[in-house]
Amino acid sequence: AIQAYSIFFFLLISFAFGRATPSLFEMMHLENIGHNVQEIAQVPALVAILTAVGSSVLTSTILAPEKNRSQFVWAVKGLFGGPVAIAELRGLDMLQTRGEVEVENAK
């Protein structure tokens, strides 16, 4: 799910802020509406960027430590996966190291 979200996210960003987007509309003979469409696409793209940054901060500082997960790994996943990464991390159980499992089994 994170991969699909990332693909859509980066396509939206590249379409909304790409310098080649006007050329695409010219090739499709739609240059009269191309500029307007690109400007409109910038709003959801900006929202997606802010959501990604917020997801990265949330997963790395709050959710990952609660689940005993790597903060750096989940910061990257939060940045690229956005809210999908938050949902995925919330669905995971707390990570136990091999030492913790051995101590628990020895009891």
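Asn 68 lies in the loop between helix H3 and helix H4 (71–81), where helices (H or I, at least four residues) and strands (E, at least two) are DSSP runs numbered from the N terminus. The phi angle of Asn 68 is near 60 degrees, a positive value in a residue other than glycine. With a relative accessible area of 32%, Asn 68 is partly exposed; buried means under 20% relative accessible area, exposed over 50%, and partly exposed in between (1.4 Å probe, protein chains only). The model is predicted, so local features need pLDDT of at least 70 and side-chain atom pairs count only at pLDDT 80 or more, while totals for chains, interfaces and linings use all residues. Residues are numbered from 1 along each chain as its sequence is written, and side-chain values use heavy atoms, with hydrogens and water left out.

A positive phi, of about 60 degrees, is also found at His 29, which is not a glycine. His 29 is placed in the loop between helix H2 (21–27) and helix H3 (31–66). The relative accessibility of His 29 is 65%, so this residue counts as exposed.

The protein chain contains 6 helices and 0 strands, and its pattern along the sequence reads α-α-α-α-α-α. The radius of gyration is 20 Å, well over the 13 Å that the globule rule gives for 107 residues, so the chain is more spread out than a compact globule. This radius is taken over C-alpha atoms, and the globule rule is 2.2 Å times the number of residues to the power 0.38. The C-alpha trace spans about 75 × 20 × 20 Å along its principal axes.

Of the 107 residues, 27% count as buried. Among contacts with a separation of 6 or more, 57% join residues 24 or more positions apart, a contact being heavy atoms within 4.5 Å. The accessible surface of the chain comes to about 7,300 Å², and 66% of this area belongs to carbon and sulfur atoms; the areas come from the Shrake-Rupley method with a 1.4 Å probe, and for residues only the protein chains shown count as cover.

The chain carries 7 positive and 9 negative side chains, with the centres of the two sets 8 Å apart. Lys and Arg count as positive and Asp and Glu as negative, whereas His and the chain ends are not counted. Each charge is placed at NZ of Lys, CZ of Arg, CG of Asp or CD of Glu.

The mean pLDDT of the chain is 89, and 100% of the residues score at least 70; pLDDT is the predictor's confidence in each residue, from 0 to 100. Confidence is highest in H4, at a mean of 94, and lowest in helix H6 (residues 98–106), at 80.
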